[in-house]
Amino acid sequence: MPARPASPPQCGFAQPVPSEREKAERPAIGQEENATATAMPSAAVADAAMPHVPVMLQAVVSLLQVRPGGVYVDGTFGAGGHARAILDTPDVRLVGIDRDPEAIARGRELAAALSPRLFLWQGRFSQMEEALSEAGVAPGSVDGVVLDLGVSSMQLDQGGRGFSFLHDGPLDMRMDGEGPSAADVVNTADEETLAAILRIYGEERRARAIARAIVRRREKAPITTTGELAAIVTGVLGPKRPGQAHPATRTFQALRIHVNRELEELAEGLAAAERVLKPGGRLVVVSFHSLEDRIVKRFFAQRSGRLVDPAPRHLPVVPAVTPTFRDIARGGLVPEAAEVAANPRARSARLRAGERTAAPAMALDPQLLGVPRLAGLGRLRKGGRKGGRR
Ligand SMILES: C[S@@+](CC[C@H](N)C(=O)[O-])C[C@H]1O[C@@H](n2cnc3c(N)ncnc32)[C@H](O)[C@@H]1O
């Protein structure tokens with residue numbers, strides 16, 4: 001594979017946090033689904049077989065400080081855009097993880113071409129220690145981890161995956177095909193549970209009315225397609241208005257987050273990254289909505305000693321927090337206007353990053369990180385596979 005010039009040493013290409021007005025103009029949760037990737041990626045990663053444009057590519061590579069001979073983990077391999085850029089540095093080894101078997105299958109050709117530098121592993125990034133062990137990487141010896149959250153353009157664009165109201169297909173939404181599908185959830189969960197999913201994961205104000213409409217509609221026949229669900233939501237909220245997100249955006253995103261346990265996965269993945277990184281190693285995370293970003297933000301705040309548990313369980317002894325990370329992109333970075341213009345999916349992106357200290361990894365407290373607790377919903381999620389596979 002031809003080498004590409006090294007990335008610039010600092011990230012002048014990314015912007016600091018936007019003003020309140022700019023924030024107000026950001027898309028609501030899940031609104032990025034309306035975006036269509038119209039631009040090609042940078043020339044170096046352009047590839048007709050890679051329809052997903054990597055977001056904040058230069059900032060990711062620069063903040064990772066990719067160095068020759070380093071070992072990196074891409075926990076969200078997708079179409080391999082970030083992975084390729086990391087692998088452009090000579091002698092780098094990369095473990096590419098994705099829970100979607102299709103993403104791993106698509107990466108096989110690249111892995112063969114770069115053998116043995118790219119090791120692909122199908123599974124969840126919360127299980128990255130297992131992937132590293134299979135790749136023969138010693139614990140605590142990783143130089144960098146990147147997580148580029150959410151779904152890829154390929155997943156959204158294939159109607160058969162059932163992620164999008166823009167493409168009619170079976171109501172599925174599972175990234176790895178494991179556990180209950182979105183159709184299972186909308187056809188079996190009680191009204192109160194459905195409303196909680198829509199309100200908490202979709203920040204949907206009309207959650208109760210939509211849940212009621214779903215329950216009424218399924219009494220006649222099961223809801224099996226994305227088109228049927230979108231029509232139910234539109235029946236409650238009214239049709240899409242010009243300049244606004246599709247009314248089903250929040251409902252679809254809520255179900256996707258729930259079906260894939262995305263927020264729990266994120267918290268567990270951050271904690272796994274903390275365990276595998278060596279002192280000086282870097283963790284870079286790109287999130288796409290406020291629920292994800294809050295967890296990443298709180299993780300770095302807690303791990304760098306700026307967020308302390310307000311109600312420690314072991315009073316009166318409050319343990320001193322030894323920072324496990326140094327925040328290296330305090331406040332977060334957002335893409336430049338040019339990137340957003342070229343790739344509307346980048347519009348809601350926010351990047352946060354930290355550098356690992358030598359302190360031992362901390363225990364994970366999902367509630368402290370802001371992972372919402374949906375009491376009684378575990379039943380709907382049973383059946384997830386534990387292990388990953390190559
Ligand atoms: C936004 S895409 C990543 C795109 C990739 N960075 C690129 O440049 O092509 C997100 C990918 O992460 C995967 N994914 C999401 N959550 C995951 C998890 N918990 N574990 C492993 N893969 C995950 C999805 O299947 C999807 O392929």
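**Exercise 1. Find which residues come nearest to the ligand, and which elements supply its shell.**

Step 1: Among the 23 residues around the ligand, the nearest are P54, T76, G78, A79 and G81. A residue counts as near if its C-beta atom, placed from the backbone, lies within 6 Å of the molecule.

Before going on, note that this is a predicted model: local features need pLDDT of at least 70, side-chain atom pairs count only at pLDDT 80 or more, and totals for chains, interfaces and linings use all residues. Residues are numbered from 1 along each chain as its sequence is written.

Step 2: At least two residues of the shell come from each of α3 (81–87), β3 (93–98) and α12 (262–276). Helices (H or I, at least four residues) and strands (E, at least two) are DSSP runs, numbered from the N terminus.

**Exercise 2. Work out how β4 sits in the structure.**

Step 1: Look at residues 118–122, strand β4: 5 of the 5 are buried, so the strand is largely enclosed by the rest of the structure. Buried means that 20 or more other C-beta atoms lie within 10 Å of the residue's own; 12 or fewer means exposed, and in between is partly exposed, with C-beta atoms placed from the backbone.

Step 2: Now take the two faces. In a regular strand the side chains alternate between the two faces of the sheet. In β4, L118, L120 and Q122 are on one side and F119 and W121 on the other, and all are buried.

Step 3: Find the partner strand. β3 and β4 pair in the parallel sense over 5 bridges (pairing takes at least two DSSP bridges).

**Exercise 3. Describe the surroundings of T225.**

Step 1: Count its neighbours. T225 is partly exposed because it has 16 C-beta neighbours inside 10 Å.

Step 2: List its contacts, leaving aside neighbours within four places in sequence: D168, G169, P170 and L171. A contact means C-beta atoms, placed from the backbone, within 7 Å. G169 is 56 residues from T225 in sequence, yet their C-alpha atoms are 5.4 Å apart.

**Exercise 4. Step back to the whole protein.**

Step 1: Count the elements: 14 helices and 9 strands.

Step 2: Check burial: 48% of the 390 residues are buried.

Step 3: Look at contacts with a separation of 6 or more: 72% of them join residues 24 or more positions apart.

Conventions. Two residues are in contact if their C-beta atoms, placed from the backbone, lie within 7 Å.
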